Amino acid sequence: MGDGGPAMPVFALVLIAAIATSAGLIVVLRPLLARYALARPNARSSHREPTPQGGGIAVVAAALVGLWIGVALSGLAAAQLATLSVAVLALALIGAVDDIRGLGAAPRLVLQTLAVAAVLATLPNASVMPQIPRALEFTILLVGGVWFVNLVNFMDGIDWMTVAEVVPVTAAITLLGLIGAAPPTAVLVALALLGGMIGFAPFNRPVAKLFLGDVGSLPIGLMLGWMLLMLASRGHIAAALLLPLYYLADATITLGRRLARGERVWQAHRTHFYQRALDGGFTVNEVVVRVFVLNISLGILALVSAIEPDLRVDLATLAFGGALVAWLLITFARGKP
(Lines give C-alpha, C1' and ligand atoms only; values in the text may rest on other atoms or scores of the structure.)
Protein backbone atom coordinates (compact mmCIF):
# COMPACT_ATOMS: atom_id res chain seq x y z
CA MET A 1 0.00 0.00 0.00
CA GLY A 2 1.41 3.37 -1.07
CA ASP A 3 1.02 5.10 2.33
CA GLY A 4 2.53 2.40 4.52
CA GLY A 5 -0.97 1.49 5.62
CA PRO A 6 -2.38 -1.74 7.06
CA ALA A 7 -1.12 -5.11 5.83
CA MET A 8 -3.23 -7.38 3.64
CA PRO A 9 -4.21 -9.74 6.53
CA VAL A 10 -5.79 -6.75 8.29
CA PHE A 11 -7.81 -5.94 5.18
CA ALA A 12 -8.95 -9.56 4.89
CA LEU A 13 -10.00 -9.63 8.54
CA VAL A 14 -11.97 -6.39 8.17
CA LEU A 15 -13.85 -7.81 5.18
CA ILE A 16 -14.57 -11.18 6.79
CA ALA A 17 -15.65 -9.63 10.10
CA ALA A 18 -18.05 -7.27 8.33
CA ILE A 19 -19.59 -10.06 6.23
CA ALA A 20 -20.11 -12.32 9.25
CA THR A 21 -21.48 -9.51 11.44
CA SER A 22 -23.93 -8.35 8.78
CA ALA A 23 -25.30 -11.80 7.97
CA GLY A 24 -25.45 -12.83 11.63
CA LEU A 25 -27.29 -9.70 12.72
CA ILE A 26 -29.81 -10.07 9.90
CA VAL A 27 -30.64 -13.63 10.97
CA VAL A 28 -31.19 -12.39 14.54
CA LEU A 29 -33.05 -9.17 13.71
CA ARG A 30 -35.25 -10.23 10.79
CA PRO A 31 -38.11 -11.63 12.93
CA LEU A 32 -38.23 -8.36 14.89
CA LEU A 33 -38.13 -6.27 11.73
CA ALA A 34 -40.95 -8.35 10.25
CA ARG A 35 -43.02 -7.50 13.31
CA TYR A 36 -42.21 -3.81 13.80
CA ALA A 37 -40.84 -2.49 10.48
CA LEU A 38 -42.95 -4.00 7.73
CA ALA A 39 -43.00 -2.12 4.41
CA ARG A 40 -46.42 -2.55 2.85
CA PRO A 41 -46.75 -2.10 -0.94
CA ASN A 42 -48.48 0.94 -2.38
CA ALA A 43 -48.98 2.50 -5.79
CA ARG A 44 -45.36 3.72 -5.93
CA SER A 45 -43.78 0.49 -4.66
CA SER A 46 -41.83 -1.99 -6.75
CA HIS A 47 -42.70 -4.89 -4.44
CA ARG A 48 -46.04 -6.71 -4.16
CA GLU A 49 -45.84 -8.41 -0.77
CA PRO A 50 -45.32 -6.82 2.70
CA THR A 51 -41.57 -7.06 3.34
CA PRO A 52 -39.57 -6.18 6.45
CA GLN A 53 -37.24 -3.21 6.13
CA GLY A 54 -34.36 -2.15 8.34
CA GLY A 55 -31.64 -4.46 7.07
CA GLY A 56 -29.45 -1.38 7.05
CA ILE A 57 -29.12 -1.78 10.83
CA ALA A 58 -27.00 -4.87 10.20
CA VAL A 59 -25.08 -3.33 7.30
CA VAL A 60 -24.15 -0.18 9.23
CA ALA A 61 -23.30 -2.07 12.41
CA ALA A 62 -21.15 -4.52 10.44
CA ALA A 63 -19.37 -1.69 8.62
CA LEU A 64 -18.53 0.05 11.91
CA VAL A 65 -17.42 -3.21 13.56
CA GLY A 66 -15.16 -4.04 10.62
CA LEU A 67 -13.81 -0.49 10.47
CA TRP A 68 -12.83 -0.33 14.13
CA ILE A 69 -11.31 -3.78 14.06
CA GLY A 70 -9.14 -2.45 11.25
CA VAL A 71 -8.28 0.70 13.20
CA ALA A 72 -7.34 -1.32 16.29
CA LEU A 73 -5.10 -3.67 14.34
CA SER A 74 -3.48 -1.08 12.10
CA GLY A 75 -2.89 1.77 14.54
CA LEU A 76 -4.24 4.41 12.12
CA ALA A 77 -5.20 7.80 13.53
CA ALA A 78 -8.80 7.49 14.65
CA ALA A 79 -10.04 11.06 15.25
CA GLN A 80 -11.46 11.62 11.79
CA LEU A 81 -12.95 8.11 11.65
CA ALA A 82 -14.53 8.65 15.07
CA THR A 83 -16.40 11.71 13.78
CA LEU A 84 -17.46 9.83 10.67
CA SER A 85 -18.70 6.92 12.81
CA VAL A 86 -20.75 9.19 15.08
CA ALA A 87 -22.29 10.92 12.04
CA VAL A 88 -23.08 7.52 10.49
CA LEU A 89 -24.83 6.43 13.69
CA ALA A 90 -26.77 9.71 13.81
CA LEU A 91 -28.02 9.25 10.24
CA ALA A 92 -28.90 5.63 10.99
CA LEU A 93 -31.01 6.79 13.93
CA ILE A 94 -32.72 9.41 11.76
CA GLY A 95 -33.41 6.75 9.15
CA ALA A 96 -34.77 4.31 11.73
CA VAL A 97 -37.24 6.90 13.03
CA ASP A 98 -38.29 7.67 9.46
CA ASP A 99 -38.74 3.96 8.66
CA ILE A 100 -40.91 3.26 11.70
CA ARG A 101 -42.80 6.46 12.46
CA GLY A 102 -42.07 8.91 9.66
CA LEU A 103 -40.12 12.14 9.95
CA GLY A 104 -40.89 15.45 8.28
CA ALA A 105 -38.75 16.61 5.36
CA ALA A 106 -37.52 19.76 7.15
CA PRO A 107 -36.17 18.16 10.36
CA ARG A 108 -34.70 15.31 8.32
CA LEU A 109 -32.81 17.77 6.11
CA VAL A 110 -31.56 19.83 9.06
CA LEU A 111 -30.23 16.77 10.88
CA GLN A 112 -28.58 15.46 7.72
CA THR A 113 -26.90 18.83 7.17
CA LEU A 114 -25.51 18.84 10.72
CA ALA A 115 -24.11 15.32 10.28
CA VAL A 116 -22.41 16.17 6.98
CA ALA A 117 -21.07 19.46 8.37
CA ALA A 118 -19.51 17.65 11.35
CA VAL A 119 -17.71 15.24 9.01
CA LEU A 120 -16.48 18.06 6.76
CA ALA A 121 -15.21 20.02 9.76
CA THR A 122 -12.78 17.23 10.65
CA LEU A 123 -11.36 16.72 7.15
CA PRO A 124 -7.61 17.13 6.60
CA ASN A 125 -6.39 20.48 5.31
CA ALA A 126 -6.07 19.11 1.77
CA SER A 127 -8.39 21.05 -0.53
CA VAL A 128 -10.43 19.61 -3.37
CA MET A 129 -10.90 23.02 -5.01
CA PRO A 130 -7.90 25.18 -3.97
CA GLN A 131 -8.80 27.84 -6.56
CA ILE A 132 -11.78 29.08 -4.54
CA PRO A 133 -12.11 30.45 -0.97
CA ARG A 134 -12.32 27.77 1.73
CA ALA A 135 -15.70 29.02 2.95
CA LEU A 136 -17.19 28.65 -0.53
CA GLU A 137 -15.59 25.22 -0.93
CA PHE A 138 -17.05 24.11 2.41
CA THR A 139 -20.50 25.28 1.32
CA ILE A 140 -20.27 23.43 -2.00
CA LEU A 141 -19.08 20.25 -0.29
CA LEU A 142 -21.83 20.55 2.32
CA VAL A 143 -24.57 20.82 -0.30
CA GLY A 144 -22.99 18.03 -2.31
CA GLY A 145 -22.66 15.82 0.77
CA VAL A 146 -26.31 16.26 1.76
CA TRP A 147 -27.36 15.54 -1.81
CA PHE A 148 -25.24 12.38 -1.89
CA VAL A 149 -26.79 11.15 1.37
CA ASN A 150 -30.24 11.59 -0.14
CA LEU A 151 -29.57 10.32 -3.64
CA VAL A 152 -28.53 6.91 -2.29
CA ASN A 153 -31.84 6.87 -0.43
CA PHE A 154 -33.72 7.90 -3.58
CA MET A 155 -32.05 5.21 -5.69
CA ASP A 156 -32.69 2.40 -3.20
CA GLY A 157 -36.01 1.55 -4.82
CA ILE A 158 -35.70 -2.04 -6.07
CA ASP A 159 -34.09 -5.26 -4.91
CA TRP A 160 -30.29 -5.36 -5.18
CA MET A 161 -30.03 -1.82 -6.59
CA THR A 162 -27.88 -0.52 -3.73
CA VAL A 163 -25.86 -3.75 -3.77
CA ALA A 164 -25.20 -3.21 -7.49
CA GLU A 165 -23.89 0.28 -6.67
CA VAL A 166 -22.02 -0.15 -3.40
CA VAL A 167 -20.16 -3.40 -4.15
CA PRO A 168 -18.40 -2.18 -7.34
CA VAL A 169 -17.69 1.29 -5.90
CA THR A 170 -16.18 0.04 -2.64
CA ALA A 171 -14.19 -2.64 -4.47
CA ALA A 172 -12.81 0.01 -6.84
CA ILE A 173 -11.87 2.31 -3.93
CA THR A 174 -10.03 -0.61 -2.33
CA LEU A 175 -8.04 -1.16 -5.53
CA LEU A 176 -7.38 2.57 -5.81
CA GLY A 177 -6.01 2.50 -2.27
CA LEU A 178 -3.66 -0.36 -3.14
CA ILE A 179 -2.04 1.85 -5.79
CA GLY A 180 -1.87 4.82 -3.43
CA ALA A 181 -4.70 6.85 -4.98
CA ALA A 182 -6.90 6.62 -1.87
CA PRO A 183 -5.72 6.88 1.77
CA PRO A 184 -5.63 3.80 4.03
CA THR A 185 -8.55 5.14 6.10
CA ALA A 186 -10.74 5.21 2.98
CA VAL A 187 -9.72 1.64 2.15
CA LEU A 188 -10.72 0.45 5.62
CA VAL A 189 -14.13 2.14 5.32
CA ALA A 190 -14.55 0.73 1.79
CA LEU A 191 -13.74 -2.84 2.86
CA ALA A 192 -15.95 -2.62 5.95
CA LEU A 193 -18.91 -1.33 3.92
CA LEU A 194 -18.25 -3.88 1.17
CA GLY A 195 -18.39 -6.67 3.75
CA GLY A 196 -21.60 -5.31 5.24
CA MET A 197 -23.27 -5.23 1.82
CA ILE A 198 -22.07 -8.72 0.87
CA GLY A 199 -23.60 -10.07 4.10
CA PHE A 200 -26.87 -8.28 3.28
CA ALA A 201 -27.01 -9.21 -0.42
CA PRO A 202 -28.45 -12.77 -0.12
CA PHE A 203 -31.43 -11.45 1.84
CA ASN A 204 -32.10 -8.65 -0.66
CA ARG A 205 -31.79 -10.67 -3.88
CA PRO A 206 -34.93 -10.57 -6.01
CA VAL A 207 -37.52 -11.27 -4.73
CA ALA A 208 -36.19 -9.63 -1.56
CA LYS A 209 -36.87 -11.02 1.88
CA LEU A 210 -35.49 -7.84 3.49
CA PHE A 211 -35.11 -4.20 2.50
CA LEU A 212 -32.30 -1.84 3.46
CA GLY A 213 -34.54 1.00 4.69
CA ASP A 214 -33.56 4.61 5.37
CA VAL A 215 -31.65 3.34 8.40
CA GLY A 216 -29.17 1.92 5.90
CA SER A 217 -29.37 4.10 2.80
CA LEU A 218 -28.69 7.42 4.55
CA PRO A 219 -25.49 6.40 6.40
CA ILE A 220 -24.30 4.43 3.37
CA GLY A 221 -24.64 7.62 1.34
CA LEU A 222 -22.50 9.46 3.89
CA MET A 223 -19.80 6.78 3.88
CA LEU A 224 -19.68 6.67 0.09
CA GLY A 225 -19.54 10.46 -0.15
CA TRP A 226 -16.72 10.63 2.41
CA MET A 227 -14.66 7.98 0.56
CA LEU A 228 -15.10 9.76 -2.75
CA LEU A 229 -14.07 13.05 -1.12
CA MET A 230 -10.93 11.38 0.22
CA LEU A 231 -10.19 10.22 -3.30
CA ALA A 232 -10.76 13.69 -4.75
CA SER A 233 -8.53 15.27 -2.09
CA ARG A 234 -5.67 13.20 -3.49
CA GLY A 235 -6.17 14.92 -6.84
CA HIS A 236 -8.19 12.10 -8.42
CA ILE A 237 -11.31 14.13 -9.13
CA ALA A 238 -12.10 12.25 -12.35
CA ALA A 239 -12.09 8.93 -10.49
CA ALA A 240 -14.28 10.38 -7.73
CA LEU A 241 -16.82 11.50 -10.34
CA LEU A 242 -16.73 8.32 -12.41
CA LEU A 243 -17.45 5.84 -9.62
CA PRO A 244 -20.92 7.17 -8.65
CA LEU A 245 -21.74 8.57 -12.10
CA TYR A 246 -24.81 6.42 -12.77
CA TYR A 247 -26.38 7.22 -9.41
CA LEU A 248 -25.55 10.91 -9.80
CA ALA A 249 -27.02 11.06 -13.30
CA ASP A 250 -30.23 9.13 -12.63
CA ALA A 251 -31.04 10.90 -9.36
CA THR A 252 -30.02 14.42 -10.46
CA ILE A 253 -31.79 14.34 -13.83
CA THR A 254 -34.91 12.91 -12.20
CA LEU A 255 -34.87 15.60 -9.50
CA GLY A 256 -34.45 18.31 -12.13
CA ARG A 257 -37.39 16.98 -14.15
CA ARG A 258 -39.60 16.83 -11.07
CA LEU A 259 -38.65 20.36 -10.02
CA ALA A 260 -39.43 21.61 -13.54
CA ARG A 261 -42.89 20.04 -13.26
CA GLY A 262 -43.48 21.64 -9.87
CA GLU A 263 -43.74 18.32 -8.02
CA ARG A 264 -43.06 17.84 -4.32
CA VAL A 265 -39.63 16.30 -4.65
CA TRP A 266 -39.58 14.89 -1.10
CA GLN A 267 -42.53 12.60 -1.82
CA ALA A 268 -42.17 9.02 -3.10
CA HIS A 269 -42.52 8.48 -6.84
CA ARG A 270 -41.75 6.05 -9.68
CA THR A 271 -39.99 8.26 -12.23
CA HIS A 272 -36.32 7.32 -11.82
CA PHE A 273 -34.88 5.83 -14.97
CA TYR A 274 -34.50 2.39 -13.39
CA GLN A 275 -38.16 2.52 -12.28
CA ARG A 276 -39.26 3.57 -15.76
CA ALA A 277 -37.32 0.56 -17.08
CA LEU A 278 -39.46 -1.73 -14.91
CA ASP A 279 -42.63 -0.07 -16.18
CA GLY A 280 -41.22 -0.46 -19.70
CA GLY A 281 -40.91 -4.23 -19.49
CA PHE A 282 -37.48 -4.87 -17.94
CA THR A 283 -37.31 -7.28 -15.01
CA VAL A 284 -35.61 -6.35 -11.75
CA ASN A 285 -32.74 -8.73 -12.55
CA GLU A 286 -32.27 -7.20 -16.00
CA VAL A 287 -32.08 -3.72 -14.50
CA VAL A 288 -29.66 -4.45 -11.66
CA VAL A 289 -27.36 -6.59 -13.83
CA ARG A 290 -27.03 -3.71 -16.29
CA VAL A 291 -26.34 -1.25 -13.46
CA PHE A 292 -23.80 -3.63 -11.92
CA VAL A 293 -21.92 -4.12 -15.20
CA LEU A 294 -21.97 -0.38 -15.86
CA ASN A 295 -20.53 0.30 -12.40
CA ILE A 296 -17.74 -2.21 -12.99
CA SER A 297 -16.95 -0.39 -16.24
CA LEU A 298 -16.92 2.95 -14.44
CA GLY A 299 -14.61 1.46 -11.81
CA ILE A 300 -12.16 0.35 -14.51
CA LEU A 301 -12.22 3.84 -16.02
CA ALA A 302 -11.59 5.34 -12.56
CA LEU A 303 -8.56 3.08 -12.15
CA VAL A 304 -7.24 4.13 -15.57
CA SER A 305 -7.60 7.81 -14.67
CA ALA A 306 -5.73 7.27 -11.38
CA ILE A 307 -2.94 5.18 -12.91
CA GLU A 308 -2.37 7.76 -15.67
CA PRO A 309 -2.78 11.16 -13.92
CA ASP A 310 -3.04 13.30 -17.01
CA LEU A 311 -5.74 15.85 -17.90
CA ARG A 312 -6.28 14.28 -21.31
CA VAL A 313 -6.78 10.85 -19.73
CA ASP A 314 -9.19 12.33 -17.17
CA LEU A 315 -11.25 14.00 -19.88
CA ALA A 316 -11.26 10.87 -22.05
CA THR A 317 -12.36 8.57 -19.22
CA LEU A 318 -15.04 11.02 -18.11
CA ALA A 319 -16.34 11.32 -21.68
CA PHE A 320 -16.41 7.55 -22.16
CA GLY A 321 -18.03 7.01 -18.75
CA GLY A 322 -20.60 9.70 -19.47
CA ALA A 323 -21.44 8.04 -22.80
CA LEU A 324 -21.94 4.66 -21.11
CA VAL A 325 -24.23 6.20 -18.48
CA ALA A 326 -26.20 8.13 -21.10
CA TRP A 327 -26.66 4.93 -23.12
CA LEU A 328 -28.08 3.07 -20.12
CA LEU A 329 -30.38 5.94 -19.13
CA ILE A 330 -31.75 6.11 -22.68
CA THR A 331 -32.19 2.33 -22.72
CA PHE A 332 -34.12 2.43 -19.47
CA ALA A 333 -36.26 5.38 -20.61
CA ARG A 334 -37.23 3.67 -23.88
CA GLY A 335 -38.19 0.42 -22.19
CA LYS A 336 -37.72 -3.10 -23.45
CA PRO A 337 -38.24 -3.59 -27.21
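I began with the lining of the second largest pocket, which by class holds 20 nonpolar, 4 polar and no charged residues; here Ala, Val, Leu, Ile, Met, Phe, Trp, Tyr, Cys and Pro count as nonpolar, Asp, Glu, Lys and Arg as charged, and the others, Gly among them, as polar. The model is predicted, so I note that local features need pLDDT of at least 70 and side-chain atom pairs pLDDT 80 or more, whereas totals for chains, interfaces and linings use all residues. Residues are numbered from 1 along each chain as its sequence is written, and side-chain values use heavy atoms, without hydrogens and water.

Next I looked up helix α2 (residues 56-74) and helix α3 (residues 79-100), which pack at an angle of about 170° with their axes 11 Å apart (axes are lines fitted to C-alpha atoms, for helices over the stretch in contact, and angles run from 0 to 180 degrees between N-to-C directions; helices are DSSP runs of H or I, at least four residues, numbered from the N terminus). The two are therefore roughly antiparallel, a term for angles over 145 degrees.

From α5, W147, F148, L151, V152 and M155 meet residues of α10 including Y246, D250 and L255, where contact means heavy atoms within 4.5 Å.

Technical notes: Parallel < 35°, antiparallel > 145°, perpendicular 65-115°, else oblique.
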